[in-house]
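This briefing is meant to be read beside the sequence and the coordinates. Please keep both open while going through the points below.

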Amino acid sequence: MVNEERRKTSESVQNMGSPQRSRYLMTCNLCQNKNISIDYKNTDFLRKFVSGTFKIKSGNRNTLCKMHQRDVSEAVKRARFMALMPYTRLQTAKRS
Ligand SMILES: [Zn+2]
């Protein structure tokens, strides 16, 4: 009896995470259409993966896989270094 109860609880604990997680599992947009190449010069494209304050969004919010999220974040960082994209919102403010 005790063992059965333990098994039940362990199963319920294991099953608790999976259905909730699977709801949030989405396929990577960049894996689906492979014509798109991630380029640091294409700032209009990289702008999608950056928040309103130009922070790089998480892979979960971008709906990207690990590989593409890394590529995108590297491209954004490269674009920032080459002054194609701002680091912060304050850099976009016009000063007259
Ligand atoms: Zn991908």
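P86 lies in the segment after α5, and the briefing starts from there. The model is a predicted one, and its protein chain comes to five helices and zero strands, running α-α-α-α-α from the N terminus on. Of the 96 residues of the chain, 15% count as buried, and among contacts between residues at least 6 apart in sequence, 67% join residues at least 24 apart.

**The segment after α5**

- P86 counts as partly exposed because it has 15 C-beta neighbours inside 10 Å, a number that lies between the limit of 12 or fewer for exposed residues and that of 20 or more for buried ones.
- Leaving aside neighbours within four places in sequence, P86 is in contact with F54, Q91 and T92.
- The C-alpha atoms of P86 and K55 are separated by 9.5 Å, although these two residues are 31 apart along the chain.
- A83 is also placed in the segment after α5, and with 9 C-beta neighbours inside 10 Å it counts as exposed.
- Most residues other than glycine have a negative phi. A83, which is not a glycine, has a positive phi of about 60 degrees.

**The loop between α3 and α4**

- F54, one of the contacts of P86, lies in the loop between α3 and α4, the latter covering residues 59–62.
- F54 has 17 C-beta neighbours inside 10 Å and therefore counts as partly exposed.
- The phi of F54 is positive, at about 65 degrees, although F54 is not a glycine.

- The buried residues of α5 are Q69, V72, S73, A75, V76, A79 and R80. Seen down the axis of α5, these buried residues fall within an arc of 160 degrees, so they line one face of the helix.
- An α-helix has 3.6 residues a turn, so residues three or four places apart point the same way.
- On the other side of α5, K66, M67 and F81 are exposed.
- The elements that cover the buried residues of α5 include α3 and α4.

**The largest nonpolar core**

- Ten residues make up the largest nonpolar core, namely L30, L46, F49, V50, L64, V72, A75, V76, A79 and M85. The largest share of this core, four residues, comes from helix α5, which covers residues 66–81.
- A75, a member of this core, is in contact with I38, D39, Y40 and L46 when its neighbours within four places in sequence are left aside.

**The loop between α2 and α3**

- S37 is found in the loop between α2, residues 29–32, and α3, residues 43–46.
- S37 counts as exposed because it has 10 C-beta neighbours inside 10 Å, which falls under the limit of 12 or fewer.
- Along the chain, S37 and V72 are 35 residues apart, while their C-alpha atoms are separated by 9.9 Å; V72 is among the buried residues of α5.

Technical notes
Residues are numbered from 1 along each chain as its sequence is written. This is a predicted model: local features need pLDDT of at least 70, side-chain atom pairs count only at pLDDT 80 or more; totals for chains, interfaces and linings use all residues. A nonpolar core is a set of buried Ala, Val, Leu, Ile, Met, Phe, Trp, Tyr and Cys residues joined through C-beta atoms within 7 Å. Helices (H or I, at least four residues) and strands (E, at least two) are DSSP runs, numbered from the N terminus. Two residues are in contact if their C-beta atoms, placed from the backbone, lie within 7 Å. The arc is that of the directions from the helix axis to the C-beta atoms.
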